[in-house]
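Here are my notes on the model, as numbered points. Please read them with the sequence and structure open.

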Amino acid sequence: DIILAVETSCDETSVAVIRGGKHILSNVVSSQIEIHERFGGVVPEIASRKHVESITLIIEQAVKESGLTLKDMSAVAVTQGPGLVGALLVGIVAAKSLAMALDIPLIGTHHIAGHIYANELVHNIEYPCMALVVSGGHTELVLLEREGEFRLIGRTRDDAVGEAYDKVARALHLPYPGGPHIDRLAVGSEETIDLPRAWLEADSYDFSFSGLKSAVLAVINQTRMKGLHLNEAALARGFQESVTEVLVTKALRAVHQYGAKQLLLCGGVAANRGLRAALTERCESDGVPLLIPPNSLCTDNAAMIGAAAQLKLKRKQFSDLDMKADPGFSLESWSVGS
Ligand code: ATP
Ligand code: MG
Ligand code: FE
């Protein structure tokens with residue numbers, strides 16, 4: 001099976017060619033970060049326009065780099081949601097045209113299922129497993145009892161982790177996206193500033209990061225108002241420690257409660273060095289195998305969409321050609337059994 005996969009849910013235009021849901025023949029990612037950087041975040045209208053400008057070229061490049069031709073494709077997969085509706089539409093229109101022209105099936109794919117199945121491109125997922133999804137828009141614990149069966153057991157009640165990182169970075173006047181900058185400061189700091197942890201109810205797998213974000217902003221404002229020097233690195237470290245401790249503790253509690261054989265870390269924040277280190281240590285001491293994709297497959301890319309779409313191709317679960325973009329697409333509803 002050869003899948004041509006398209007991802008345009010946010011600010012990356014990406015097209016990949018995947019064999020058997022596991023082997024990357026090509027994975028071209030064109031990021032718009034430089035364009036959005038000066039606005040301090042993604043501007044939806046600009047994102048859509050840039051996708052329109054680059055999609056055709058990126059498709060050509062991905063096909064060329066795969067060493068195959070369009071005639072070799074078995075199906076076209078595309079991110080159906082969640083994401084920015086105008087951005088999603090560009091990929092969907094391109095994918096539908098290809099599916100129609102080549103007379104092959106269309107597979108509308110869930111973006112977060114993609115982040116999770118990025119792991120299948122480099123590891124072998126075993127079930128039941130627990131996925132900790134940490135990205136710009138999501139912070140979730142997802143139980144997969146079987147292949148392609150997604151059950152949401154916890155989610156953020158306010159900010160996503162990546163979002164909190166970006167907001168804290170912005171308050172420190174660091175460039176967008178701020179996650180990597182905070183990470184660098186945190187890892188390099190000897191000192192730390194103690195900040196609150198949001199555990200919520202004792203049995204809850206939900207998360208909350210807005211209180212922590214407010215605590216960080218309060219420290220910044222108070223220090224500035226008093227005309228004192230702000231140890232930004234110590235603050236970054238304190239923030240990272242709070243985020244990491246809550247994520248690691250809840251993820252491992254979920255792994256044990258649900259008898260998961262593996263913990264999968266995924267999404268853009270999976271690149272975070274503090275989180276990786278703490279999870280690696282805790283999983284080793286608990287004897288839990290930890291799967292993390294390489295950084296290039298943690299941030300948005302079409303290869304992960306191809307990996308997830310294989311679940312549907314295998315079961316011949318295809319989308320109609322009148323498929324719509326779904327900005328609030330539910331992950332559980334995309335399960336292969338529903
Ligand atoms: P979603 O997948 O929820 O729709 P998204 O696709 O925009 O959101 P990703 O591309 O998965 O998000 O991840 C981007 C986020 O990851 C940004 O918020 C960015 O700051 C964060 N990020 C990237 N690297 C790091 C890092 N090293 N430490 C912390 N955060 C990071
Ligand atoms: Mg992005
Ligand atoms: Fe993403």
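1. Start at Ile 153, which touches Leu 141, Leu 143, Tyr 205 and Ala 254 once neighbours within four places in sequence are left aside. Contact here requires C-beta atoms, placed from the backbone, within 7 Å of each other. The C-alpha atoms of Ile 153 and Leu 141 are separated by 5.7 Å, though the two residues are twelve apart along the chain. Ile 153 belongs to strand E8 (residues 151-155). Helices (H or I, at least four residues) and strands (E, at least two) are DSSP runs, numbered from the N terminus.

2. On conventions: this is a predicted model, in which local features need pLDDT of at least 70 and side-chain atom pairs count only at pLDDT 80 or more, while totals for chains, interfaces and linings use all residues. Residues are numbered from 1 along each chain as its sequence is written, and chains are lettered from A and ligands numbered from 1 in the order in which they are written.

3. The cut-offs are 20 or more other C-beta atoms within 10 Å for buried, 12 or fewer for exposed, and partly exposed in between, with C-beta atoms placed from the backbone.

4. The C-alpha trace spans about 65 × 45 × 30 Å along its principal axes. Of the 338 residues, 51% are buried. Among contacts with a separation of 6 or more, 75% are between residues 24 or more positions apart.

5. The largest nonpolar core holds 107 residues, and Ala 5 and Met 130 have the most contacts inside it. Helix H8 (residues 232-257) gives the most to this core, with twelve residues. Such a core is a set of buried Ala, Val, Leu, Ile, Met, Phe, Trp, Tyr and Cys residues joined through C-beta atoms within 7 Å. Beyond four places in sequence, the contacts of Met 130 include Leu 141, Leu 143 and Ala 254. Ile 153 is also in contact with Leu 141, Leu 143 and Ala 254.

6. Which residues does the UniProt annotation "binding site" cover? The record, an unreviewed entry, lists Val 133, Val 134, Ser 135, Gly 136, Gly 137, Asp 166, Gly 179, Asp 183 and Asn 272. UniProt positions are in the numbering used here, feature names are shortened, and annotations may be inferred rather than shown by experiment. Val 133 lies in strand E6 (residues 129-134) and is buried, with 25 other C-beta atoms within 10 Å. Gly 136 sits in the loop between E6 and strand E7 (139-144), and it counts as buried with 22 C-beta neighbours inside 10 Å. Not counting residues up to four places away in sequence, Gly 136 touches Ala 160, Gly 162, Glu 163 and Gly 268.

7. Lastly, helix H11: twelve of its 13 residues are buried, so it is largely enclosed by the rest of the structure. After H11 comes Lys 316, with a positive phi near 50°.

Conventions: Contact = placed C-beta atoms within 7 Å.
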